[in-house]
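Please look over the model below with my notes beside it. The points are brief and can be read in turn.

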Amino acid sequence: NNNPNQRLRIAIQKSGRLSKESQALLKSCGMKINLREQRLIVHSENMPVDLLRVRDDDIPGLVMDGVVDLGIIGENVLEEECMLRVSQHQDTNFKLLKRLDFGHCRFSLAVADEDEYTGPQSLANKRIATSYPGILKRFLDEKGVEFSTCMLNGSVEVAPRAGLADAICDLVSTGATLEANGLKEVEVIYRSQAVLIQSDKKLNSENQAFLDKLLMRMQGMMQAKE
Ligand code: PRT
Ligand code: ZN
């Protein structure tokens with residue numbers, strides 16, 4: 001264990017679509033955190049917790065490797081990391097503690113408005129731009145559709161117009177981005193929301209007791225919101 005002070009470590013997205021609500025959730029449980037500073041690690045002032053603020057893509061691996069105890073992450077990123085690790089024969093151990101009911105989105109295939117789409121077979125031998133190639137490949141493999149990918153970590157929605165790909169597979173919430181780019185959603189292949197995950201590494205008894213309390217408070221907060 002390379003955690004000398006034995007405080008509970010929680011990884012959250014530093015800035016992006018999950019960060020505000022991740023912070024709000026912890027604060028609603030009574031955790032005092034000073035997030036004005038742009039630091040990687042923030043120590044809670046009133047609880048035995050250190051927050052690690054990182055890119056969302058790093059969170060599943062940090063939890064699976066036991067570098068942090070807990071993480072708040074979108075299921076799509078978690079699933080993609082699991083698939084990558086399985087393919088590389090690495091550990092994928094973690095516990096799903098809670099679905100958090102924010103960060104809802106769907107991971108969908110989309111094609112140009114004018115393109116004909118009658119089912120996954122319409123994508124045979126096409127090139128598909130995406131940031132999550134593992135989930136996409138699993139879906140099209142199951143359908144027996146051969147395709148190639150164009151890996152993009154941003155601007156996926158402009159790929160067809162730019163001539164980089166024939167179709168895209170991207171996260172959608174309102175659908176406004178697809179519409180603005182002349183694309184239509186033709187297949188939802190995965191539904192995602194933010195989740196709280198825990199490393200398989202055993203916690204010391206104080207941290208375990210503290211985590212139990214935190215989870216009770218979270219449960220209470222989430223029920224109150226309903
Ligand atoms: O910098 P870092 O790597 O941490 O962040 P990121 O840019 O990789 O991720 P970020 O902050 O964009 O998203 C984090 C997580 O939020 C995602 O992994 C999802 O689990 C969740 N989420 C929920 C979304 C959306 N909704 C969403 N709409 N992630 C991205 N989008 C994007 C989408 O890619 C597209 O560009 O929003 C656009 C579509 O939105 P609509 O409303 O126009 O349909
Ligand atoms: Zn990311």
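**Notes on the predicted model**

1. H3 and H4 are roughly perpendicular to each other (angles of 65 to 115 degrees; under 35 counts as roughly parallel, over 145 as roughly antiparallel, the rest as oblique). The axes of helix H3 (residues 75-87) and helix H4 (residues 133-142) cross at roughly 75° and come within 8 Å. Axes are lines fitted to C-alpha atoms, for helices over the stretch in contact, with angles from 0 to 180 degrees between N-to-C directions. Helices (H or I, at least four residues) and strands (E, at least two) are DSSP runs, numbered from the N terminus.

2. On the H3 side, the contact uses Asn76, Glu79, Glu80, Met83 and Leu84; H4 supplies Gly134, Ile135 and Arg138. Contact means C-beta atoms, placed from the backbone, within 7 Å. By class, the residues of this contact are 3 nonpolar, 2 polar and 3 charged. Ala, Val, Leu, Ile, Met, Phe, Trp, Tyr, Cys and Pro count as nonpolar, Asp, Glu, Lys and Arg as charged, and the others, Gly among them, as polar.

3. This is a predicted model: local features need pLDDT of at least 70 and side-chain atom pairs pLDDT 80 or more, while totals for chains, interfaces and linings use all residues. Residues are numbered from 1 along each chain as its sequence is written, with chains lettered from A and ligands numbered from 1 in the order written.

4. The open sheet has 6 strands, ordered E2-E3-E1-E4-E11-E5, with mixed pairing (strands pair if DSSP finds at least two bridges between them). Strand E2 (41-43) and strand E5 (95-99) are the edges, each pairing on one side only. From one strand to the next, the twist averages 25°. E2 runs antiparallel to strand E3 (residues 49-54), over 3 bridges. Val42 has Leu51 of E3 as its bridge partner. H3 packs on the sheet too, touching strand E4 (70-74) and strand E11 (194-198). Its direction makes about 105° with that of E4.

5. The chain divides into domain 1 (8-103 + 193-225) and domain 2 (105-191); the bounds come from an automatic or database domain assignment. Their centres, taken over C-alpha atoms, are 29 Å apart. In the contact, 6 residues of domain 1 meet 8 of domain 2.

6. Where does ligand 1 lie? Both domains give residues to its shell, so ligand 1 lies between them. Of the 21 residues around ligand 1, Gly16, Gly74, Cys105, Thr174 and Thr177 come nearest (near means a C-beta atom, placed from the backbone, within 6 Å). E9 gives the most to the shell, with 3 residues.

Technical notes
Two residues are in contact if their C-beta atoms, placed from the backbone, lie within 7 Å.
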